[in-house]
Amino acid sequence: KTSSDSSRITANIFKGILIALPFIVITVTLLSSADIVFKRIINYFAFDFITKINYSSFLSILFTIIFAFFFIYCLSDLIYSYDSKNVKCQCKNKSSVTAITFISLITVSYLVFSVIQIVFIFAGDTALPDDYTYSEYVHQGFYELVAVCAINLFLVSIVKIFYLQNRTLNTLMIVFSACTYIMMASAVIRMFMYIKAYRLTFARVLVLLFIFIMFIW
């Protein structure tokens, strides 16, 4: 490789880091609000400043639902408009190094969160912190998980549209998407636990339907 190639790769990695930073802050904050164990792990690594936001208010939940529906509508309209017109995006010449960098950085925190969900939510046989009940643990974080899944859909679509594909990037996107499915499964389990405690309502049916739509997408 020439020095110009090395400089270009370094620049792409740097761009990937810059792209990843705001998404890491947003998604880690939401996931920390969704899961007390994940939050304590993040706090342990000195990220306490991004975990103090309270997302459990009614207005934040309402905003999350409205934003998620609006986001999925706009995204599907954008992508299918390309397909229907057989228009090849002229921007799809960006180096995959940038995409690999920011997706891999975000995926690291997702892998940690996914392991926690498998141990505490799916298995359900591991002791929680002394000041936290299992009921409190499974009933929190639903809307934060839905918001993160919506962000993940946005990132996957951006990578597919604007960045050149290769085996490394595709493998990384499979891991990224698998983590997203684990988040969706965790959200559904939490909602079913909530329904078991507080009964099924029409609004909760709509919420489950919304997750199913995201699952198909």
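User: At roughly what angle do the axes of helix 4 and helix 6 cross?

Analyst: In this predicted model, the axes of helix 4 and helix 6 come within 12 Å. Helix 4 passes helix 6 in a left-handed crossing, and the two helices are roughly antiparallel, because angles over 145 degrees count as such. The angle at which the axes cross is roughly 155°.

User: How many residues of the contact of helix 4 with helix 6 are polar?

Analyst: On the side of helix 4 the contact is formed by Ala99, Phe102, Ile103, Ile106, Tyr110 and Phe113, which meet Leu145, Val148, Asn152, Leu155 and Val159 in helix 6. These residues divide into 10 nonpolar and no charged, and the number of polar residues is one.

User: What is the distance between the axes of helix 6 and helix 7?

Analyst: Helix 6, spanning residues 142-162, packs with helix 7 at an angle of about 160°, and the two are therefore roughly antiparallel to each other. Their crossing is left-handed, and the axes are apart by 9 Å.

User: Which residue of helix 7 is the charged one in the contact of helix 6 with helix 7?

Analyst: Helix 6 contributes Phe142, Leu145, Val148, Cys149, Asn152, Leu155, Val156 and Val159 to this contact, while the residues from helix 7 include Met173, Phe176, Ser177, Thr180 and Arg190. The residues of the contact divide into 14 nonpolar, four polar and one charged.

User: Are helix 7 and helix 8 roughly parallel or roughly antiparallel to each other?

Analyst: Helix 7 (residues 167-198) and helix 8 (residues 202-216) have their axes 11 Å apart and pack at an angle of about 165°. Helix 7 passes helix 8 in a left-handed crossing. Since the angle lies over 145 degrees, the pair counts as roughly antiparallel.

User: How many residues of the contact of helix 7 with helix 8 are nonpolar?

Analyst: Among the residues making the contact are Tyr181, Met184, Phe192 and Tyr198 of helix 7, and Arg204, Leu208, Ile211 and Phe215 of helix 8. The contact holds no polar residue and one charged residue, and the nonpolar ones number 14.

User: Which kind of aromatic pair do Phe38 and Phe113 form?

Analyst: The structure holds five aromatic pairs. One of them links distant parts of the chain, with Phe38 in helix 2 and Phe113 in helix 4, 75 residues apart. The ring centres are 5.2 Å apart and the planes stand at 85°, so the pair is edge-to-face.

User: Which element of the protein chain has the highest mean pLDDT?

Analyst: The mean pLDDT of the protein chain is 75, with 67% of the residues reaching 70 or more. Among the elements, the lowest mean, 59, belongs to helix 5 (residues 134-139), whereas the highest, 88, belongs to helix 4.

Key. Residues are numbered from 1 along each chain as its sequence is written. This is a predicted model: local features need pLDDT of at least 70, side-chain atom pairs count only at pLDDT 80 or more; totals for chains, interfaces and linings use all residues. Side-chain values use heavy atoms; hydrogens and water are left out. pLDDT is the predictor's confidence in each residue, from 0 to 100. Helices (H or I, at least four residues) and strands (E, at least two) are DSSP runs, numbered from the N terminus. Axes are lines fitted to C-alpha atoms, for helices over the stretch in contact, and angles run from 0 to 180 degrees between N-to-C directions. Angles under 35 degrees count as roughly parallel, over 145 as roughly antiparallel, 65 to 115 as roughly perpendicular and the rest as oblique. A crossing is left-handed if the near helix is turned anticlockwise from the far one by less than a right angle, and right-handed if clockwise. Contact means heavy atoms within 4.5 Å. Ala, Val, Leu, Ile, Met, Phe, Trp, Tyr, Cys and Pro count as nonpolar, Asp, Glu, Lys and Arg as charged, and the others, Gly among them, as polar. Rings of Phe, Tyr and Trp (its six-membered ring) pair if their centres lie within 6.5 Å; planes under 30 degrees apart count as stacked, over 60 as edge-to-face and the rest as tilted.
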